[in-house]
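Keep the structure in view as you read.

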Amino acid sequence: MTTHWILGPGAIGRLLAHSLSPIAATTLLGRRALPVRQMLTTPEGEQRVLPLNSLTIAQLASNTPEPPAFVHITTKAMVAESALAGITGCISPSTPLVLWQNGFLAQPRITQAWPGPGPVLCATTTEGAYLTGDDGVVHAGRGHTFLGDLNNHHGALAEELAQVLTQAGLAATKVSDIRQRLWQKLAVNAAINPLVALNSVRNGELRGEAYAGRMVAVVKEVAAIMLAEGIAPPNDDNGEDEWLALVWQVVENTANNKASMLQDVEAKRPTERGAILGPLIESAQRHGLACEVLQALNNELAEVEASF
């Protein structure tokens with residue numbers, strides 16, 4: 001039985017723990033203690049209560065569990081590096097890391113900084129989940145997870161983990177183009193998350209007249225940036241219309257969802273604007289492209305966060 005440490009007991013972290021615990025030894029790691037008994041509500045509405053093993057980071061140093069086969073980092077993007085630094089003394093450098101962050105900030109930084117020889121895998125997922133307190137998580141919608149590494153050197157390990165996740169009920173596939181897929185998700189997140197967070201609306205409401213025009217303006221800038229970065233939308237066409245069609249399709253598919261950035265604003269937490277908007281703005285500036293709309297969104301979110 002493989003051992004998985006899950007650093008960051010948020011929604012995805014707890015969903016992973018619930019899914020993996022019947023087939024693997026799992027330990028949730030966080031800053032504070034959680035109730036042992038944790039409830040998962042399935043997409044079908046079934047409620048399952050499981051005892052999940054969890055430790056605080058402070059407890060880890062004196063009560064180190066069995067060395068992990070994988071360390072999954074499921075924290076927010078802006079704290080992923082500091083969270084990893086907090087446990088590096090308890091794991092071997094040969095331990096594989098799995099990064100589950102939104103955006104494209106933590107993935108290249110940790111891939112470059114991790115001394116290894118353990119590989120760094122990246123995951124991008126459309127699984128939907130949200131917390132209902134310290135003892136509950138709702139699996140709001142089934143999705144798919146893609147796994148790979150930025151240098152495409154560890155396909156066999158990504159395939160092994162994909163099989164484990166699929167066995168655990170989280171459909172997963174190893175891919176050789178994880179960088180492309182991370183940028184594609186980044187493009188969609190940039191078009192949706194800031195607008196719903198700033199306007200306190202669910203995804204589907206972006207179809208209304210009040211928001212659609214600004215979203216189209218965001219996609220126009222994003223499409224130019226993606227072209228400069230060599231990132232095509234999933235249908236392999238580089239046109240602005242294809243990016244817009246992709247974003248509208250995601251809006252339609254997730255119409256009732258409350259985006260993570262909106263959840264952060266409602267909870268008065270820092271958002272992942274740096275991981276989602278930051279790489280796009282940096283890329284636009286590097287390529288000499290317009291990014292006034294993206295920069296304005298970033299500035300507005302910064303003002304909101306400053307008011308917390």
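The model is predicted. One cavity of 30 Å³ or more is counted. The volume of the largest cavity is about 40 Å³. Its lining is made up of Ile12, Leu15, Leu16, Trp100, Thr125, Glu127, Thr145 and Leu170. Helix H1 (residues 11–20) gives the most to this lining, with three residues. By class, five lining residues are nonpolar, two are polar and one is charged.

Now turn to the packing. In soluble globular proteins, nonpolar side chains tend to be buried together. The largest nonpolar core here has 43 residues. Leu206, Val222, Met226, Val247, Leu280 and Leu294 have the most contacts inside this core. The elements that each give two or more residues to the core are helix H6 (178–199), helix H7 (209–229), helix H8 (240–253), helix H9 (260–266), helix H10 (273–287) and helix H11 (292–306). H6 gives the largest share, 12 residues.

Setting aside neighbours within four places in sequence, Leu280 touches Trp183, Leu186, Ala190, Val222, Ile225, Met226 and Leu294. A second core is separate and has 25 residues. Among them are Leu20, Leu52, Leu165 and Ala172.

Next comes a loop. Glu46 sits between strand S3 (37–41) and strand S4 (47–51). Is Glu46 buried, partly exposed or exposed? Its relative accessible area is 43%, so Glu46 counts as partly exposed; the class runs between the cut-offs of 20% and 50%. Leaving aside neighbours within four places in sequence, Glu46 is in contact with Leu40 and Thr41. The side chain of Glu46 also makes a polar contact of 3.4 Å with the side chain of Arg48. Glu46 and Val138 are 92 residues apart along the chain, and their C-alpha atoms are separated by 9.9 Å.

Arg48 leads on to a pocket. The second largest pocket has a volume of about 220 Å³. It is lined by 16 residues, and the closest to its centre are His18, Ser19, Leu40, Arg48 and Ala168. Leu40 is also a contact of Glu46. H1 and S4 each supply at least two residues of the pocket lining. The largest share, three residues, comes from H1. The lining divides into eight nonpolar, six polar and two charged residues.

Conventions:
Residues are numbered from 1 along each chain as its sequence is written. This is a predicted model: local features need pLDDT of at least 70, side-chain atom pairs count only at pLDDT 80 or more; totals for chains, interfaces and linings use all residues. Side-chain values use heavy atoms; hydrogens and water are left out. On a 1 Å grid over the protein atoms alone, a cavity is a set of points where a 1.4 Å probe fits but cannot get out, and a pocket is an open set with protein on both sides within 12 Å along at least five of seven lines; lining residues have an atom within 4 Å of a point. Grid points are joined across faces, edges and corners, and a volume is the space filled by probe spheres set on the points. Helices (H or I, at least four residues) and strands (E, at least two) are DSSP runs, numbered from the N terminus. Ala, Val, Leu, Ile, Met, Phe, Trp, Tyr, Cys and Pro count as nonpolar, Asp, Glu, Lys and Arg as charged, and the others, Gly among them, as polar. A nonpolar core is a set of buried Ala, Val, Leu, Ile, Met, Phe, Trp, Tyr and Cys residues joined through side-chain atoms within 4.5 Å. Buried means under 20% relative accessible area, exposed over 50%, partly exposed in between (1.4 Å probe, protein chains only). Contact means heavy atoms within 4.5 Å. A polar contact is a pair of N or O atoms within 3.5 Å; within protein, one must be able to donate a hydrogen and the other to accept it, and residues adjacent in sequence count only if both atoms are side-chain atoms.
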